Amino acid sequence: MLTTPESNQEPLWLVIIRLLRWHKPEGRLILMIPALWAVFLAAAGKPPLPLVGVIILGTLATSAAGCVVNDLWDRDIDPQVERTRDRPLASRALSIKVGIAVGIVALACAAVLAFYLNPLSFWLSVAAVPVILLYPGAKRVFPVPQLVLSIAWGFAVLISWSAVTQNITAPTWLLWGATVLWTLGFDTIYAMSDRQDDQRIGVNSSALFFGKYAPTAIGIFFAGTIILLAGEGLLVNLNGCFWISLIIASGGWVWQFIRLRNPELPNPAYGEMFRQNVWIGFLILAGMIFGSF
């Protein structure tokens with residue numbers, strides 16, 4: 001039977017929930033959002049409910065596996081970072097063997113769900129696995145590791161869209177581009193809270209790469225997201241509901257850009273803005289759904 005070290009009084013199941021980050025749902029939801037964007041747009045607002053269920057469960061399983069892989073990679077780095085030092089593998093509340101076992105179970109769940117999909121979507125799911133497994137190592141060798149994460153996020157669009165249509169077309173790639181840029185924006189915001197720790201440890205992040213120009217870069221990423229989402233709306237003939245949601249979302253991104261230009265912004269503000277992007281993403285999803293009718 002798997003147990004945590006005797007010094008840790010927390011039940012094993014709660015420790016595993018923390019390992020999977022299910023106690024912080026915003027990180028799980030923000031991966032689900034572009035997948036739902038794709039499945040609803042590809043199906044003109046009326047996707048099969050079983051497929052929506054598979055997409056939701058698939059993103060949860062994939063996100064869980066990604067969290068475990070990330071923490072296995074970073075188990076010796078996380079204790080040196082204030083935000084991550086209490087993670088189960090970093091604090092040694094779980095052993096490496098238990099972490100690997102949980103990761104395998106999460107990947108197996110994702111694989112079972114992938115068999116529900118058509119061949120194109122299935123093989124796109126397979127292609128996403130190396131990106132997910134290698135992303136945590138990118139911060140050691142690549143100056144903008146958030147780009148690797150963004151590409152991983154983009155697979156959610158390709159898989160979900162092709163699960164409906166069995167092909168990939170121009171609107172798919174526009175939505176993919178919007179997702180990549182949006183992810184670069186919100187994850188660079190997230191990375192800004194760790195800049196001092198990352199610099200001290202010697203790992204890379206987009207926040208460090210862009211330095212004092214990070215707010216400008218984020219503004220450009222969000223502007224590109226808006227442009228590509230607008231192009232998507234035109235290509236698939238979305239109605240006014242979508243355009244209202246995009247205008248409101250754009251206002252949220254502009255406000256975040258303005259706030260980020262304040263050099264005295266406290267660290268908790270970055271996490272707050274990351275969470276705001278979850279609501280912005282769901283607002284756009286609602287606009288896509290109602291804009292398809």
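**Cysteines, a pocket and some aromatics**

Okay, let's start with cysteine 241: with a relative accessibility of 39%, cysteine 241 counts as partly exposed. Buried would be under 20% relative accessible area and exposed over 50%, with partly exposed in between, using a 1.4 Å probe and protein chains only.

Quick housekeeping. This is a predicted model, where local features need pLDDT of at least 70 and side-chain atom pairs count only at pLDDT 80 or more, while totals for chains, interfaces and linings use all residues. Residues are numbered from 1 along each chain as its sequence is written, and side-chain values use heavy atoms, leaving out hydrogens and water.

Back to cysteine 241, which sits in helix α11, residues 240–260. Helices here are DSSP runs of H or I, at least four residues, numbered from the N terminus. If you skip neighbours within four places in sequence, cysteine 241 touches Gly287, Phe290 and Gly291, contact being heavy atoms within 4.5 Å.

Cysteine 67 is buried, at 7% relative accessibility, whereas cysteine 109 is partly exposed at 41%.

Cysteine 109 shows up again in the lining of the second largest pocket, along with residues including Leu20, Trp22, Leu57 and Val102. A pocket, on a 1 Å grid over the protein atoms alone, is an open set of points where a 1.4 Å probe fits, with protein on both sides within 12 Å along at least five of seven lines; lining residues have an atom within 4 Å of a point. Helices α3 (49–73) and α4 (96–114) each give at least two lining residues. The lining has ten nonpolar residues, no polar and no charged; nonpolar covers Ala, Val, Leu, Ile, Met, Phe, Trp, Tyr, Cys and Pro.

Last topic, aromatics. The model holds twelve aromatic pairs, meaning rings of Phe, Tyr and Trp (its six-membered ring) with centres within 6.5 Å. One of them joins tryptophan 153 and phenylalanine 186, edge-to-face at 6.3 Å centre to centre and 65° between the planes; edge-to-face needs over 60 degrees. That pair links distant parts of the chain, with tryptophan 153 in helix α6 and phenylalanine 186 in helix α7, 33 residues apart. Both residues, tryptophan 153 and phenylalanine 186, are buried. They also belong to one aromatic cluster with Trp37, Trp182, Tyr190 and Phe274.

Technical notes:
Rings of Phe, Tyr and Trp (its six-membered ring) pair if their centres lie within 6.5 Å; planes under 30 degrees apart count as stacked, over 60 as edge-to-face and the rest as tilted.
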